[in-house]
Amino acid sequence: MGSSFVRRLRAGALWVEEWFAPPICVHCGKHRWGGLPLCRSCLRILRDSRPEDDEAVLGLAWVRAAFRLTPPQQSLIHGFKYSHLRRHIRFLCAWLRWRKIWIDDLTRFDAIVPVPLHPARKRERGYNQSELIALEIGHMSGTVVMPKILRRVRFTSTQTKLGHDDRARNLENAFRADAVMAKGKRILLVDDVCTTGSTLGHCRDELLRAGAVSVEALVLAWVEKREVVGGG
């Protein structure tokens with residue numbers, strides 16, 4: 001099957017997804033605003049959840065987030081992780097276009113690397129949501145996306161209900177980086193959500209061991225410590 005045919009097929013599937021989406025807010029069920037997935041009230045919550053540009057995530061100075069995780073955004077993220085609603089990724093990434101200072105800052109990286117899924121998990125879901133986020137950000141910033149630099153080589157249980165220490169143990173030896181591709185690069189890791197930073201930390205350590213000169217991270221949302229919500 002030719003790559004051009006596959007691209008057309010995927011484009012057609014996304015068009016059908018958009019066309020037949022019910023006109024209700026994916027979070028509260030009210031009438032959504034225009035072609036967006038949320039109503040006006042939930043959009044205001046999303047707008048007000050943006051952290052300051054220079055705010056570190058959970059004390060991790062190398063991790064930045066577009067939002068603090070709120071219930072409306074949790075519904076959006078749940079939609080693209082478990083219900084194949086990839087349009088939610090495009091919607092959330094579009095908010096970064098309004099924050100031009102972020103996009104300009106991303107040009108200092110040599111490569112954008114999504115947090116990988118294990119192949120079995122990717123087959124089950126049909127795609128890696130972090131890779132789709134990375135592709136959106138790469139398109140906006142002009143920075144090359146290199147998903148093959150980092151692989152998940154060990155299947156792990158979900159991080160959702162694990163505490164900080166259990167998350168760290170769960171991810172031991174779960175990632176491998178390609179030393180040839182990573183060497184000398186300034187890398188931006190991309191994921192959907194940061195809860196404790198365990199996933200991002202393991203990925204960063206592996207990339208640095210493989211020869212990357214620096215690794216920072218960007219996530220769509222971070223979870224405040226008082227909340228117990230799944231994520232990276």
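**View 1. Salt bridges in the predicted model.** The structure holds eight salt bridges (a side-chain nitrogen of Lys or Arg within 4 Å of a carboxyl oxygen of Asp or Glu). This is a predicted model, in which local features need pLDDT of at least 70 and side-chain atom pairs count only at pLDDT 80 or more, while totals for chains, interfaces and linings use all residues. Residues are numbered from 1 along each chain as its sequence is written, and side-chain values use heavy atoms, with hydrogens and water left out. A network of salt bridges links R64, D105, R108 and E216.

**View 2. The K81–D192 pair.** In this salt bridge the closest N and O atoms are 3.4 Å apart. K81 sits in helix α3 and D192 in strand β5, so the pair ties together parts 111 residues apart in sequence (helices, H or I of at least four residues, and strands, E of at least two, are DSSP runs numbered from the N terminus). K81, at 16% relative accessibility, counts as buried (under 20% relative accessible area; exposed is over 50%, partly exposed in between; 1.4 Å probe, protein chains only). D192 is also buried, at 2%.

**View 3. A pair within helix α10.** Here E206 and R209 meet through their side chains in a salt bridge (3.1 Å, N to O). Both lie in α10 (residues 198-209), three residues apart, about one turn of the helix. E206 counts as buried at 11% relative accessibility, whereas R209 counts as exposed at 62%.

**View 4. Around L92.** Contact here means heavy atoms within 4.5 Å. Leaving aside neighbours within four places in sequence, L92 is in contact with L46, F67, Q73, L76, I77, F80 and L220.
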